[in-house]
Amino acid sequence: MRARLTTLAVVSFLFTACGGAGGAGSAGLAYGLPSPTTATYVTGDTVVIDMNAMGQIMQVNQGSSATYNTSFATTADGIEVTLTVEDFAARITQPMAGPVTADESGIEGPLVFTLGRRGDVTVSTLPTLSGNADMLFGGVSLANQFFPRLPDDAIAMGDSWTDTTSWEAEEGGGNVSVTVVSNFTVVGDTVVDGRALLKIDGTARTQMDTQSTTQGMDIFQSIDIASEGYLLWDTQVGLPYESHMTLEGNGSIEVSAAPEPFSMTLRGQSHSKLRN
């Protein structure tokens with residue numbers, strides 16, 4: 001069994017976000033060409049997983065930090081996003097083996113995808129992965145989680161919207177299926193570092209199922225995660241400025257060689273900030 005950082009990456013879908021859009025009271029909150037057309041985000045995530053394997057408790061710690069450079073261009077199908085990885089550091093520790101780590105040297109080339117007005121994603125180019133980056137970095141999941149869905153409608157204080165997003169991918173040596181139900185509410189205006197920002201609260205429910213084969217064993221993992229937090233939207237630039245979230249979840253792992261499933265609980269947090 002291989003615990004993967006995609007567990008946390010998926011639930012950060014709500015808030016590790018960017019894209020051009022209007023502010024509260026605008027003609028419609030939707031993706032357009034941001035100004036400027038480049039942005040750099042610094043992100044950090046931690047998650048702790050407690051697993052019960054036939055009465056034996058094992059703790060798995062996962063963490064990552066990354067710097068992502070993004071550029072935006074208008075196409076006939078929407079906004080094309082080119083994301084390159086400037087820095088990446090991921091680490092998994094667990095008591096049964098040594099740490100598993102990856103960095104940006106295992107990620108070659110850009111991740112390119114197109115956004116529709118509401119944030120629907122079409123991936124066109126994936127980076128080439130090597131070493132442990134193949135296990136700890138998932139391009140399809142990152143593209144689908146990097147931008148939240150928007151209402152494509154005029155908004156005012158107190159307005160809410162809900163969206164359901166699903167995707168499937170072959171990542172980390174397995175097949176991943178994810179469904180995220182997100183709820184957003186506009187709660188007010190604020191000023192941070194001289195920037196006029198719109199605060200949006202959010203909650204999400206994520207169901208992630210993974211099937212893989214390791215050392216001849218078939219593994220099925222199912223996780224249900226509840227997350228909550230907020231993002232601060234820069235209404236002038238048309239990009240999120242900062243975000244924070246926390247998460248809790250539980251799930252199970254079935255291994256073909258084990259007589260019964262393993263249960264798990266998890267908790268974690270995630271944050272991101274616009275650097276430029």
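Predicted model: local features only at pLDDT ≥ 70, side-chain atom pairs only at ≥ 80, totals over all residues.

**Entry 1: salt bridges**

I began with a definition: a salt bridge is a side-chain nitrogen of Lys or Arg within 4 Å of a carboxyl oxygen of Asp or Glu. How many salt bridges does a search of the whole structure find? My search returned seven.

I looked up Glu 86 and Arg 275, whose side chains meet in a salt bridge at 3.2 Å, N to O. Glu 86 lies in strand β3 (residues 78-94) and Arg 275 in the segment after β14 (262-274), so this pair ties together parts that are 189 residues apart in sequence. I noted that helices (H or I, at least four residues) and strands (E, at least two) are DSSP runs, numbered from the N terminus. Glu 86 is partly exposed, with a relative accessible area of 31%. For such labels, buried means under 20% relative accessible area, exposed over 50% and partly exposed in between, with a 1.4 Å probe and protein chains only.

Next came Arg 117 and Asp 152, a salt bridge whose closest N and O atoms are 2.7 Å apart. This pair links distant parts of the chain, 35 residues apart: Arg 117 sits in the loop between β6 (111-115) and β7 (121-125), and Asp 152 in the loop between α3 and β9. Arg 117 counts as partly exposed at 47% relative accessibility, and Asp 152 counts as partly exposed at 32%.

I then checked Asp 224 and Arg 205, which form a salt bridge with the closest N and O atoms 2.7 Å apart. Asp 224 is in strand β12 (residues 217-234) and Arg 205 in strand β11, so the pair ties together parts 19 residues apart in sequence. Arg 205 is partly exposed, at a relative accessible area of 47%. I also found Arg 118, Arg 149 and Asp 163 joined into one network by salt bridges that share partners.

Residues are numbered from 1 along each chain as its sequence is written, and side-chain values use heavy atoms, with hydrogens and water left out.

The chain averages a pLDDT (the predictor's confidence in each residue, from 0 to 100) of 87, and 90% of the residues score at least 70. Where is confidence lowest, and where highest? I found the lowest mean, 43, in helix α1 (residues 6-11), and the highest, 98, in strand β5 (residues 107-108). Over residues 1-27 pLDDT stays under 50, and there the model has 132 contacts beyond four places in sequence. Contact here means heavy atoms within 4.5 Å.

**Entry 2: the whole chain**

I counted three helices and 14 strands in the protein chain. Of its 276 residues, 51% count as buried. Among contacts with a separation of 6 or more, 64% come from residues 24 or more positions apart.

Most residues other than glycine have a negative phi, and most peptide bonds are trans. Pro 36 is in the loop between α1 and β1. Is Asp 193 buried or exposed? At 60% relative accessibility, Asp 193 counts as exposed.

**Entry 3: aromatic rings**

I found seven aromatic pairs. Rings of Phe, Tyr and Trp (its six-membered ring) pair if their centres lie within 6.5 Å; planes under 30 degrees apart count as stacked, over 60 as edge-to-face and the rest as tilted. Phe 88 and Phe 137 are edge-to-face, 5.7 Å centre to centre with 90° between the planes. Both Phe 88 and Phe 137 are buried. Phe 146 and Phe 147 also pair edge-to-face, at 5.5 Å and 65°. Tyr 31, Tyr 41, Tyr 68, Phe 113, Phe 146 and Phe 147 form one aromatic cluster.
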